[in-house]
Amino acid sequence: MSEHRRKPPQPPSGGRAAARRAAQQRPGRGATPARDVPTASPSGGYSRPEPAGRAEGRRADRRGSGARGAAAPGKKRLINYPRADKDGWQRFVPSWKLVGGTTLGFFAVLTAGAGIGIAMVGTPDPHLAAQAQNNVFYWADGEQMAATGGSTNRQIVPIDQIPKSMQNAVIAAENESFETDKGVDPMGIARAVVNMAKGGSTQGGSTITQQYVKNTFLDSEQTLKRKVSELFISIKLGMTEEKPTILAGYLNTAYYGRDAYGIQAASRAYFGKDCKDLNPSESAFLASLLKGPNLYNPDGGIGSAATPQANTDRVMKRWAWVLDREVEVGRMTAAERAQYKDFPQRIDPEQARNLGGQTGYLVETAKQYVMKTKNLTPEQMARGGYRIYTTFQKPKVDAMTKAVEEIRNDFLDEKKRPEYDTFVQFGAASVDVKTGAIVALYGGPGWDKKYFSNNANTIGVPVGSTWKPYVLAAAMEYGTQNSKGQPLSPNSKYNGNDLTVITDRSGTPLRDNTGKPFKQKNESPTQYGYVTLTEAMEKSINTPFAQLVFDVGHDKVRKVAESTGILKDSMDPGNNASFALGTSTPSAIRMADSYATFAASGTHREPFSVTKVIKDGEEVSGFEAPKAQKAMDNAVADNITKVLENVVQNGTGTKAKKLGRPAAGKTGTTDQNKSAWFVGYTPELSTAVTLFRTDPNSQDKKLMSMNNVGGVDSIHGGDIPAEIWTEYMKAALQGQPVKRFPVAEELGTVADALGAPTPSPSVVPSPSVSVSPSPSASVSPSPSPSKGGGKPCKPWDLYCDPTTSGGTTNGGTTSGTTNGGVSGPSGEPSPSQSTGGGKPGRPGGSTIWGSQG
């Protein structure tokens, strides 16, 4: 049979009509038009006769819809993707032409964009980057306090004035391939992009060229846009500038610490010489600072990791490494390296000369507050241009300085008692109760006296018994297991005897290092028996609070302390008995601010030292006064105040009675007499004063005992610190109306400690302390004989009697005294259970004072 007469195969159903209809359909996805089968033209319509069956109709519809995206035969697309000449998944596999063309196009666009970017950016100008600006600080009344930085600290020098030793040190330490690279570090850029994608810093390892470019950016943003800009500028620099010019630009714009931008300023700041006169050892030191002066400047920096000692250790290691590295890369001979074994000596900072007295400490405190609030680096802060308005009130600062220095000069005699009176340090801070503003501080003798540590903001001096109010406040707030969760009344009784065994919450005795039951010591062996917590606070007896901290829980005490502003990292992490007695080490600023929470009936405000900052004529946001937060119930805070008022009226803080207005406070003394505190407040001001002894030039800054300092057996918080506090507060509050504390409402359940006699005593309105009107039974704390009639009493001599006609102190007794209660001329408390025979300088063997008082 001939070809044109051959019958086509019949479909399963539908017959010839269905076959014709199928042949008339456009080819679907993956189908090729059958030979000799006409297809619809682009201008022609599709005619679809009614299919023989519903199933066939549905299949035809699907075939028709599946082909709608295909190009008509003979019409080529610009981009053949998905590929019309392939079937199934192969339609989505790009051809090599498409891949190659796309790649070439991408690189063409990238190259064109890079060329445009490089053409559009400028090159750095070190003269513009080094324009001088001061940071100006103002007192609370708007008067200028000080200005730092300025044009004297910014000077550009050419490369021929920078010694080869400095160039070699920097290249060896920072960028060994500097003289041959193209100015960029692709791996460093890749790391920066990855870090940015992860949400981290875009900074990464860079060449000297990139560092130079980075130094010229005066803003602090860290974005991909800035990184791309730095890249384009670095590439352009590598193409257009000579390497010596780039190196000089980098060294002239880098920050070295001590407010010094540029190598000339740094050389003057650290060595008092022009940079051209630097030797290789000094050059290696300055090159070490480029690692980051905040952590490598031996003067110290910002943050707990940037102490002077830690920085000195770091920079000495870095200095030695730089010298060794120069030998390793062939920029110094081993013989020359051997000449430099001693770390270079530096001059005192210029700021020490310009910011004498308390000004240096005030400026540094305000500067740190600004940097913390706006997350600025020391380098950014040193660029200047800030107008900083502080909370410091000059009259109050002057009053605090006067109180400290007058008492210090009268109390200490370093020539007469060099083994005892040297290295005695004073620190103090005063905070406005209503706002939290730091109105005054005493940081030390002054930067001009080469004392750079701010004693008002030093963390590391144990606070002693000034910590006990937090233990009592926690018991009032949360209760104990004895009070079944109800607030504990300060009239609850605890064992005040010396060497009392301390138990945990289950009643099991604690164990000492030998496995025996732990017994807490008081300062004196007096057997007080069970005393109220009010009386225990008044006499600063240790054992009740050592037990109370276990009854209430250490975590509750920490929670209360933190709510009043004490920083967590200054708290002793141990859950032991000594935690209740003041082994934590907050600063004077934090203690003053924390006690202000009690004065404000439980409302806490974070301490702050800056009220306004202006930059480029615009006020910077974020320096509003911190918002008030409720730290504890009013009744708790007011009852703590009531207990601490009793300390001033009848206990270890009676020196503060001379203030002549309502005051509350607590004394604190630590083991071996290494520190002494008085923290107290009125309704207006809260002030903390600390006294401790340490050699500021020692490696470990170890605290030393103050026994025999000033010629007295021991110093307690109720002595010198309380005297300084009183003299300052008198001047600071002069002319202001007398205000009283809120009346404390009755609070809590009387829940005595285990073992207390029953029934529980009723509320005791005042401690069992009587005040003798006679001053004749006073005891002088001086170990030398007390001559009567001639010498006036020193302000810290709590028991000095100017009318005493003779006799010597011996075991706390003098002629005319009895072994019972004694009283001082200022109405000091008379213990009813004194036994005599104790340390000189304490009546009746110091029975009323307690080791932390």
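User: Which residues does Tyr728 touch, not counting residues up to four places away in sequence?

Analyst: Before the answer, note that this is a predicted model, in which local features need pLDDT of at least 70 and side-chain atom pairs count only at pLDDT 80 or more, while totals for chains, interfaces and linings use all residues. Residues are numbered from 1 along each chain as its sequence is written, and side-chain values use heavy atoms, with hydrogens and water left out. Taking contact to mean heavy atoms within 4.5 Å, and leaving aside residues up to four places away in sequence, Tyr728 touches Lys396, Ala399, Met400, Ala403, Ser430, Val439, Ala440, Leu685 and Thr687.

User: How many residues does the largest nonpolar core have?

Analyst: A nonpolar core is a set of buried Ala, Val, Leu, Ile, Met, Phe, Trp, Tyr and Cys residues joined through side-chain atoms within 4.5 Å, where buried means under 20% relative accessible area, exposed over 50%, and partly exposed in between (1.4 Å probe, protein chains only). In the largest such core, Trp467 and Tyr728 are the residues with the most contacts inside it, and its size is 129 residues.

User: Why is helix H22 described as largely enclosed by the rest of the structure?

Analyst: Helices (H or I, at least four residues) and strands (E, at least two) are DSSP runs, numbered from the N terminus, and H22 covers residues 542-552. Among its buried residues are Asn542, Phe545 and Asp551. H22 is largely enclosed because the number of its eleven residues that are buried is eleven.

User: Which residue of strand E3 stands opposite Phe137?

Analyst: Two strands pair if DSSP finds at least two bridges between them. Strand E1 (residues 134-138) pairs with E2 in the antiparallel sense over five bridges, whereas E1 and E3 (residues 386-390) pair in the parallel sense over three bridges. In E3, the residue opposite Phe137 is Ile388.

User: Is Asp616 buried or exposed?

Analyst: Asp616 is found in the loop between strand E11 (610-615) and strand E12 (618-619), and it has a positive phi of about 55° although it is not a glycine. With a relative accessible area of 61%, Asp616 is exposed.
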